[in-house]
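User: I would like to go through this structure with you, one topic at a time. Could you take my questions as they come?

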Amino acid sequence: MGIIFRNFGAIMAATLLFLCGCGRSEFRGAEGMIWHTQYHITYDSDRDLTDSIITTMQRVDESLNVFDSTSMISRVNRGEEIELDIHLANVYNESVRINKLTNGAFDPTLGPLITAWGFGKGHKATADTLRLDSLMAFTGISKTSLHKGRLTKQDARTQFNFSAIAKGYGCDEVSRMLARNGVADRLVEIGGEISCAGKSPSGKKWRVSVDRPILTDSVIHESQCVIEITDCGLATSGNYRNFHTSAGGWTYGHTISARTGRPVLTDVLSATVVAPTCMEADALATSMMALGSEGATKLAATLNYPIMLVLNDMSVWENEKFKSLTIFEK
């Protein structure tokens, strides 16, 4: 499709166990590449909705793709005075809410810092203390506002990158499109983020395998656990597939602290969140990486969502709601 949208905030960390029953020909599948990752969609319909699926993803891309100079977010980043479309407005408003909920741990204005540390465009770390201090002066979503459809910035240099929430939003948008077309039973997976509803081809809830985090730049799928879910979104974030190693041997990941401007030194290797929408799950999983286990577990207690953390020593923290979904664990 030629769509390029690099994701920094959420790592492909869940694969699907498609338990398709025999003779269920009404279940259809669509798959391909988008935003530098794979998508897999399974849905129960009497017609092929592939064209509508692709169109939906393209519309999200045209709004939120920070690497497309013609996208709406790129125009906003250039300072153009334009009215936001529904996609950018939805993602911005949810980002503001999650930013407040996490005391600033989630912030989509960190693009210049991400680039400075070598995870953005160019992928070459150039960070130094003076450079970071200057970049911090114009980062922070609290320095922006949305009024009557127009997004304003206190500092024109502020740049948005919604990669840590947009993939989840894309899943939700495809799922909503399928629902509008009468599809009750559906699962949308883009790069490991999931939005699902109804029943799987087996007639039961959807079974999802969450990957065990393995520190490597290769894609290795080893199951940490298998859960059963429906009518929700799921996302996993981690640094274990997007990291750099310094000349001194220090490994640092792509999760950047909004408070310090530096890669987060966290004891959380991966965070998995189940939430009402995939967009929310996506943003919260990223936030929990930044917060570390102490902050993440405190946030989990206030949310009351199913949450699992895999820590650096490979120990697992999971709340009772997550345990209730688990049918197999390592």
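User: Is F162 buried or exposed?

Analyst: F162 counts as buried, because its relative accessibility is 1%, and the cut-off for that class is under 20%. Please keep in mind that this is a predicted model.

User: How many aromatic pairs does the structure hold?

Analyst: There are 2 aromatic pairs in the structure. One of them joins Y92 and F160 in an edge-to-face arrangement, with 6.1 Å centre to centre and 75 degrees between the planes.

User: Where do Y92 and F160 lie?

Analyst: Y92 belongs to helix 3 (residues 86-101), while F160 sits in the loop between strand 5 (150-153) and helix 6. The pair therefore ties together parts that are 68 residues apart in sequence.

User: And are those two buried or exposed?

Analyst: Y92 is buried, with a relative accessible area of 3%. F160 also counts as buried, because its relative accessibility is 1%.

User: What kind of aromatic pair do F160 and F162 form?

Analyst: F160 and F162 are stacked, with 5.6 Å centre to centre and 10 degrees between the planes. Y92, F160 and F162 make up one aromatic cluster.

User: Changing topic to the helices: at what angle do the axes of helix 1 and helix 6 cross?

Analyst: The axes of helix 1 (residues 50-64) and helix 6 (residues 163-180) cross at roughly 145 degrees and come within 9 Å. The crossing of helix 1 with helix 6 is right-handed.

User: Which residues meet there?

Analyst: From helix 1, the residues are S52, I53, T56, M57, V60 and L64. They meet A166, Y169, G170, E173, V174, M177 and L178 of helix 6.

User: How many of the contact residues are nonpolar, polar and charged?

Analyst: By class, the contact of helix 1 with helix 6 has 9 nonpolar, 3 polar and 1 charged residues.

User: One more topic. Where is E193 placed, and is E193 buried or exposed?

Analyst: E193 is in strand 7, which spans residues 193-197. E193 is buried, since its relative accessible area is 0%.

User: What lies 3.4 Å from a polar atom of the E193 side chain?

Analyst: That is the backbone nitrogen of T236. The E193 side chain supplies the other atom of this pair, a polar one.

Methods
Residues numbered from 1 in each chain as written. Predicted model: local features only at pLDDT ≥ 70, side-chain atom pairs only at ≥ 80, totals over all residues. Heavy atoms only, no water. Axes fitted to C-alpha atoms, helices over the stretch in contact; angles between N-to-C directions. Helix = DSSP H or I, 4+ residues; strand = E, 2+ residues; numbered from the N terminus. Left-handed = near helix turned anticlockwise from the far one by under 90°. Contact = heavy atoms within 4.5 Å. Nonpolar A, V, L, I, M, F, W, Y, C, P; charged D, E, K, R; others polar. Phe/Tyr/Trp six-rings, centres within 6.5 Å; stacked < 30°, edge-to-face > 60°. Buried < 20%, exposed > 50% of the residue type's maximum accessible area, 1.4 Å probe, protein only. Polar contact = N/O pair within 3.5 Å; in protein donor to acceptor, adjacent residues only side chain to side chain.
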